[in-house]
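Hello,

Here is the structure I said I would pass on. My notes come after it.

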There are 2 protein chains.
Amino acid sequence: MDLADRVLAGERLALARLLTQVENDTPAGRQSLERLFPHAGKAHLVGITGAPGTGKSSLANQLARALRNRGGADAPRVAVLAVDPSSPFSGGALLGDRLRMKDSAGDPGVFIRSMASRGSVGGLAGTTAAMTQVLDAAGFSIILIETVGAGQSEVDIVRLAHSVIVVDAPGLGDDIQAIKAGILEIADILVVNKADLPGVENTLRGLDMMLDMAYGHAPEGSWRPPLLRATSTTGEGIDAILAALEDHRMYLRESGKWAQREEARLTAEFDSLLQRQLKAQWLQRVGEQRLSEMMHQLAQREISPAQAVERLLK
Amino acid sequence: MDLADRVLAGERLALARLLTQVENDTPAGRQSLERLFPHAGKAHLVGITGAPGTGKSSLANQLARALRNRGGADAPRVAVLAVDPSSPFSGGALLGDRLRMKDSAGDPGVFIRSMASRGSVGGLAGTTAAMTQVLDAAGFSIILIETVGAGQSEVDIVRLAHSVIVVDAPGLGDDIQAIKAGILEIADILVVNKADLPGVENTLRGLDMMLDMAYGHAPEGSWRPPLLRATSTTGEGIDAILAALEDHRMYLRESGKWAQREEARLTAEFDSLLQRQLKAQWLQRVGEQRLSEMMHQLAQREISPAQAVERLLK
């Protein structure tokens, strides 16, 4: 059996290995991805993003646990993909918080993975989309994708999810408040985490006003992000978030927006592959030798980047 | 006179307009960029990055002022390019801090610009590199490029500068401390800002230990990032940062690393242009009609992204 078959058969080790291949964009990884394509397209992809300090990793962990604790034997299988280099899920973190993330480690219905690389030829969003597809085909019906809510690539990634949870918290600095502006617009669900901290009412009021401004004149039947409070350390509010996620999924299905987001994701994956292939084809035509000569001239500023491109494209 | 000539003649309005054209990647913008190429390649590009809450925008502002106040008539002309969506330099910010940034607004030797878009076809790094080139050709000899220190694109951008200042501050949350790991490795100069806050000695000690670990066994003659303290509200430490920048510039020149960084930047610009052109050429060959048919099949999951690419590349 090849790796893709073993992933379809539910082997965790095979899944971990295939994810690494896909992340590194190996030929074998690409082939397995093709093999898995017909099996994907079922999972609910949920982006979780927010400024540093909002506790979004703990929240992701709580959501995964709650999803598992609910349905008994029918409980959905949950995967967590952490793209945030500062996430306690990922190896880079030095924090005690990381241990807590291991809560779900013994449960075969939960799979936690952090991106080792910080992007690749096809871009961080393309790689993430491909890895999501593997988890989807492997039968995880809810995939939580966690990114830090700052930075273009990170925003691009969560944009590709079906539902985006933006996490805020009281008592963050002014700089961090400002970051929010860029991510609020992509929220499908807004969560004020650390609701046991002082200042939570203020934070809620501020966000409610922003929502009023943004959605006050929205046409009837459109989705207005619910504003929820949670305390991920105690589990407060987790059920309400899961209910909102379910509402949003229904809304997407009924409004036809589910299909639109699917299409956007597939198109992004297509674009990333296309770019890579076009460059590979071109490099073969041009030859390393000629490219390196041109790069030398470029380094000497004898020609401009545009001139180099023009000459090499002829 | 066309726009490029007017920029070379020192017209500010022409500069602002050309930057917009280049940011939006218009044909006229690309043409002007070509025209300006021989005039660029002189400026010292300085990246300023750090986690939210470190006060890097105020620091950039102070550096610009100090550079201008120094040399009298010979004072270097300084440009600030803010790529950070949360930066007080950029329009997105709601903060009072923004006013302070206008300090230098009356001085023709200072030009402040924030990126309106959050990236483009060529990617955020490509666009930033092109805009930097315009400012360089326009005669600004020091260009400060400010980005938030989280997110892949943002790290890619500062990597393209000659000198990178990474800003830290005492009293940031744990999540933010973790972000630092990703950006410390690109620092040429490390600044602990807000040095009037409690805990500054701890922050300095921690960074010093990290520097020891990273550079303890570095070969002789290699650059060890100096660790400086500053308080951008009072101006403390600004002169030391400028001196370190000058040291680093000399080091780069003498070690041949200046040329290496120039080359890396030109290559990045080349790559971004190449990708764009390859895609445009390909689109012309394939035709919108055929592409849209294929995208339809893709959306229905009748074919995979890789199959779509394969068929369209034939």
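Predicted model: local features only at pLDDT ≥ 70, side-chain atom pairs only at ≥ 80, totals over all residues.

Residues are numbered from 1 along each chain as its sequence is written, and chains are lettered from A and ligands numbered from 1 in the order in which they are written.

**The sheet of chain A**

Helices (H or I, at least four residues) and strands (E, at least two) are DSSP runs, numbered from the N terminus. Two strands pair if DSSP finds at least two bridges between them. In chain A, 7 strands make an open sheet with parallel pairing, in the order S3-S2-S4-S1-S5-S6-S7. From one strand to the next the twist averages 20°; axes are lines fitted to C-alpha atoms, for helices over the stretch in contact, and angles run from 0 to 180 degrees between N-to-C directions.

Strand S1 (residues 44-50) of chain A pairs with S4 (residues 142-148) of chain A through 7 bridges, in the parallel sense. There, A:Leu45 has A:Ile143 of S4(A) as its bridge partner. S1(A) is also joined to S5(A) by 5 bridges, again parallel, and A:Val46 is partnered with A:Ser163 in S5(A). S5(A) in turn pairs with S6(A) in the parallel sense over 4 bridges, and A:Val166 stands opposite A:Leu190 in S6(A).

Is S5(A) enclosed or open, and why? In S5(A), 6 of the 6 residues are buried, so the strand is largely enclosed by the rest of the structure. (A residue is buried if 20 or more other C-beta atoms lie within 10 Å of its own, exposed if 12 or fewer, and partly exposed in between; C-beta atoms are placed from the backbone.) Both faces are covered, with A:Ser163, A:Ile165 and A:Val167 buried on one side and A:Val164, A:Val166 and A:Asp168 buried on the other.

**Helices of chain A**

Helix H9 (residues 200-215) of chain A lies across S5, S6 and S7 of chain A, at about 165° to S7(A).

The axes of H10 (residues 238-255) of chain A and H11(A) come within 5 Å and cross at roughly 90°. H10(A) and H11(A) are therefore roughly perpendicular (65 to 115 degrees).

In chain B, strand S2 (residues 78-82) is joined to S3(B) by 5 bridges, and the two run parallel. B:Ala79 has B:Phe111 of S3(B) as its bridge partner. Of the 5 residues of S3 (residues 110-114) of chain B, 4 are buried, so this strand is largely enclosed by the rest of the structure.

Between the chains, the axes of H11 (residues 257-286) of chain A and H13 (residues 305-313) of chain B come within 9 Å and cross at roughly 45°. That makes H11(A) oblique to H13(B), since angles under 35 degrees count as roughly parallel, over 145 as roughly antiparallel, 65 to 115 as roughly perpendicular and the rest as oblique.

Regards

Notes: Contact = placed C-beta atoms within 7 Å.
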